[in-house]
Amino acid sequence: MTKILLLSDTHSYIDNDILKYVKQADEVWHAGDIGDLKVTDAIKKLKPLRGVYGNIDDAKVRLEFPEHNRFMCEDVDVWITHIGGYPPKYNIRVINEIKQNPPKLFICGHSHILKVMSDKKLNVLHMNPGAVGKHGFHKTRTMLRFTVDGSKIDNLEVIEFSKR
């Protein structure tokens, strides 16, 4: 079983409250708009990190992280990208690939809106952890944590922080 912390849209913000949850995870996944590599450097000092760059990220971030990150976590096919839309309104950047070769878990950031939903047609679970940074229109900062156990995604929790 692998304990995952999923976050996005840090926009250069990291603090001890976030890092407390990082320490409890086995892996951390970042769905883009990192802002400053100090964020991912702080996470990588504590736990393995997988991530993607977002639309606000500069060349340094883009050198370190890809636009799309597709990998296996145990028996779960995972695809992380920053701008991907949601079922059934996928972004034009991903729609053909997701229809032809759907992952089991499709993760996006960008919207600053926490959303977890199933695409029953493609048998894909979509997650967007919302935004945990302090920049943007969101009122509540959020992250997700869950477990991957073989092919099962379970124990989903929403982590909320006080209003910005």
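Start with the open sheet: its 5 strands run in the order β4-β5-β8-β10-β9, with mixed pairing. Here strands are DSSP runs of E with at least two residues, numbered from the N terminus, and two of them pair if DSSP finds at least two bridges between them. Now pick β4 (68-73) and β9 (114-119): these are the edge strands, each with a single partner, so one side of each has no neighbour in the sheet.

Before going on, know that this is a predicted model, where local features need pLDDT of at least 70, side-chain atom pairs count only at pLDDT 80 or more, and totals for chains, interfaces and linings use all residues. Residues are numbered from 1 along each chain as its sequence is written, and side-chain values use heavy atoms, leaving out hydrogens and water.

Next, select β8 (residues 105-107) and β10 (residues 124-129), which pair in the parallel sense over 3 bridges. Which residue in β10 stands opposite Ile-107? Look for Met-127.

Now jump to helix α1 (residues 16-24); helices are DSSP runs of H or I, at least four residues long. Color Ile-18, Leu-19, Tyr-21 and Val-22: they are buried, meaning under 20% relative accessible area with a 1.4 Å probe and protein chains only, while exposed means over 50% and partly exposed is in between. Looking down the axis of α1, you'll find its buried residues within an arc of 155°, so they line one face of the helix; the arc is taken from the directions from the helix axis to the C-beta atoms.
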